[in-house]
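Colleague: Could you take me through this model by way of a few questions, giving the cut-offs behind each term as it comes up?

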Amino acid sequence: AKHLGGDGIVVFDRDLELRHQYRQTLKKGLKNALARSELRVFYQPQMHLESGLITGAEALVRWQHEELGQVSPADFIPVAEDDGLVVEIGAWVMLQACRECTRWSQYYGRPLAVSVNVSARQMLHSNLLLTVERVLSDSGLSPSQLELEITESVAISARESVASQMQALVSMGVTIALDDFGTGYSSLSYLNLLPVNNLKIDRSFVQGLPQDNVQASSVRAIIGLARNLGLGTIAEGVETRAQSDCLARLGCQIIQGYWLGKPMSDVQFREFLSGRRSL
Ligand code: C2E
Ligand code: CA
Ligand code: CA
Ligand code: CA
């Protein structure tokens, strides 16, 4: 069955049609999700490999839909992105994350950092700088404790406006990490053009460690590149002790993944920190 979907999209089969319906349902629900307090922010810890100290966490949004239950951000963020709602949702996530980070830092007795994902749409939005300024002043967080994660693909497609926006953010003292690094197309020349502080090594490279030689070589190359450019490295999706050990040998600085901790609620993260305090 081939016919025209609601947005003029040609739908070829039942699967696509269902996907389209699902997206429509998400789109409708998202409009009210914030007002109905259906969104929450979870935190996944990050650890400095050499010292074993917790450096902070990545903020990951969660949606508890009244009928569908937990909806993955991998499903609803792209919908929010299409719709433009991601600007509002992203600002809300950033505010929650920065407020929490101020609390943890007092609690932990050391300044911790929080990483917040910034979508393409937000990056292109002229209000981003103002949002970051407001969030920082409202939460009392120091700019150096906020890291913005921008996917490599957004950085690559960077227009002039993205580059200048990133420059302005870095001038404020905020740091920038390139998310999912290594998965995009790369002529790496854009790295010279954009202000970036950290590379986040994608989970797809970490998965096969320590056995997979191609992946190990890729990770070694990324870490070498980061070193030469004076950038930090964070490996994501670290699930085992063996992967963590391998990354330490390869010179990776920070890890994040199920092995250290799954994304958890604010309360759970504070408990997690209290268990780690003595380190
Ligand atoms: P991401 O930024 O690459 O985030 C990492 C994803 O990997 C998270 O999925 C996390 O739960 C998962 N993960 C972490 N450690 C492991 C591990 O050891 N093994 C495996 N298999 N997975 C691990 P999550 O939370 O479902 O988020 C999916 C994506 O949704 C994120 O990918 C990010 O692109 C996007 N996202 C999440 N929250 C936000 C947000 O607030 N704003 C925006 N713009 N995007 C967000
Ligand atoms: Ca991320
Ligand atoms: Ca990532
Ligand atoms: Ca990833």
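Colleague: Not counting residues up to four places away in sequence, which residues does Leu 247 touch?
Modeller: This is a predicted model, in which local features need pLDDT of at least 70 and side-chain atom pairs count only at pLDDT 80 or more, while totals for chains, interfaces and linings use all residues; side-chain values use heavy atoms, without hydrogens and water. Residues are numbered from 1 along each chain as its sequence is written, with chains lettered from A and ligands numbered from 1 in the order in which they are written. Taking contact as heavy atoms within 4.5 Å, and leaving out residues up to four places away in sequence, the partners of Leu 247 are Leu 49, Val 206, Leu 209, Val 219, Ala 235, Val 238, Cys 252 and Ile 255.

Colleague: Which residues touch the most other members of the largest nonpolar core?
Modeller: A nonpolar core is a set of buried Ala, Val, Leu, Ile, Met, Phe, Trp, Tyr and Cys residues joined through side-chain atoms within 4.5 Å, where buried means under 20% relative accessible area, exposed over 50%, and partly exposed in between (1.4 Å probe, protein chains only). The largest such core has 78 residues, and the two that touch the most other members are Leu 146 and Leu 247. Its largest share, ten residues, comes from helix H3 (residues 86–108).

Colleague: Is Ser 244 buried or exposed?
Modeller: Ser 244 lies in helix H11 (residues 241–250), helices being DSSP runs of H or I of at least four residues and strands runs of E of at least two, numbered from the N terminus. Beyond its neighbours within four places in sequence, Ser 244 is in contact with Leu 49, Val 238, Ile 255 and Trp 259. Because its relative accessible area is 3%, Ser 244 is buried.

Colleague: Which residue bridges the calcium ion (ligand 2) and the calcium ion (ligand 3)?
Modeller: Donors are N, O and S atoms within 2.8 Å of the metal (3.2 Å for Na, K and Ca), and water is not among the atoms, so sites may look incomplete. The calcium ion (ligand 2) is coordinated at 2.1 to 2.4 Å by Glu 58 (OE), Asn 117 (OD1), Glu 149 (OE) and Asp 179 (OD). Glu 58 lies in strand S4 (residues 54–65) and Asp 179 in strand S8 (residues 175–181), so this pair ties together parts 121 residues apart in sequence. The two calcium ions, ligand 2 and ligand 3, lie 3.6 Å apart and are bridged by Asp 179.
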